[in-house]
Amino acid sequence: MEQEKMSKSLGNFVLAKDVVEIYPPEVIRYWALMSSYRSQPTFSEAALDDAAQAYDRWRNFVVAAEHALGGPVAAESQPRRPIDDDRELDPYLGRFIEAMDDDFNSAEAFAALHELVREGNKHIEGAQEKRGEDADALGRLLGVFVETTTVLGLRFPRGDVAELTRHLLDFLLELREQARAEKAFDRADSIRQRLADAGVVIEDTASGPRWYLEESSGAANETEG
């Protein structure tokens, strides 16, 4: 802590349970792996902030790549693959394995992953435009990234998709009700039809509009009108 050894007598120490109230566990794990386990790490808010920014770059890459490719990429079932001299090895995966075999050199492994992300970001726009070469390259890079970060115990949560969906649907129903109040019936009908095309059924009730998924009526939700 500030170049001094943490000590209870000096009061210059922090507890893990207190740190996770400020920083996500993934960020703390990233910070702990940034340097070699043989080095003496210095805990500071600046160091954790740097780790948070770097972790966010990785997470943004995963989110953008999955969006460009149209879905997530699963990690390999065998995260530690044997190196076969007769098999061409992905250069980033090869560097990662070599670094981790070198006395758990996580700092060098991170360097390889940062380069992978920089290379992957170059292919995102092309993959979004359905260019085959970019999509293939991005898919390969994302697969290696997911595999290697899984080895490190890192995850990149996307949040609660179901909760987000409910909020978005409620917002669309509010827009529809506003359109009806303004007698903009074409706009209200358009919102209803777009939701119907997506499998969302709207029922107008005395207590307000109610929506449910066409194939799962148990997912109903009511919005007071």
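This is a predicted model: local features need pLDDT of at least 70, side-chain atom pairs count only at pLDDT 80 or more; totals for chains, interfaces and linings use all residues.
**Confidence.** Begin by colouring the protein chain by pLDDT. The mean is 82, and 84% of the residues reach 70 or more. Select helix H5, where confidence is highest, at a mean of 94. Then select strand E3 (residues 216-222), where confidence is lowest, at a mean of 46.

**The largest nonpolar core.** Next, display the side chains of Trp-58, Phe-61, Phe-145 and Leu-152; among the 40 residues of the largest nonpolar core, these touch the most other members. At least two residues of this core come from each of the helices H2 (25-33), H3 (45-69), H4 (91-101), H5 (106-128) and H6 (132-151). Helix H3 provides the largest share, with 11 residues.

Centre the view on Trp-58. Leaving aside residues up to four places away in sequence, the contacts of Trp-58 include Tyr-30, Phe-110, Leu-113, His-114 and Val-117. Phe-145, Thr-149, Leu-154 and Phe-156 are also touched by Trp-58.

**A second core.** Now select Leu-169, Leu-173, Val-200 and Trp-211, which belong to a second, separate core of seven residues.

**The largest pocket.** Finally, select Met-1, Gln-3, Glu-4, Lys-5, Met-6, Trp-31, Gln-40, Pro-41, Thr-42 and Phe-43, the residues that line the largest pocket. Its volume is about 170 Å³. Colouring the lining of the largest pocket by class shows five nonpolar, three polar and two charged residues.

Conventions:
Residues are numbered from 1 along each chain as its sequence is written. Side-chain values use heavy atoms; hydrogens and water are left out. On a 1 Å grid over the protein atoms alone, a cavity is a set of points where a 1.4 Å probe fits but cannot get out, and a pocket is an open set with protein on both sides within 12 Å along at least five of seven lines; lining residues have an atom within 4 Å of a point. Grid points are joined across faces, edges and corners, and a volume is the space filled by probe spheres set on the points. Ala, Val, Leu, Ile, Met, Phe, Trp, Tyr, Cys and Pro count as nonpolar, Asp, Glu, Lys and Arg as charged, and the others, Gly among them, as polar. A nonpolar core is a set of buried Ala, Val, Leu, Ile, Met, Phe, Trp, Tyr and Cys residues joined through side-chain atoms within 4.5 Å. Buried means under 20% relative accessible area, exposed over 50%, partly exposed in between (1.4 Å probe, protein chains only). Helices (H or I, at least four residues) and strands (E, at least two) are DSSP runs, numbered from the N terminus. Contact means heavy atoms within 4.5 Å. pLDDT is the predictor's confidence in each residue, from 0 to 100.
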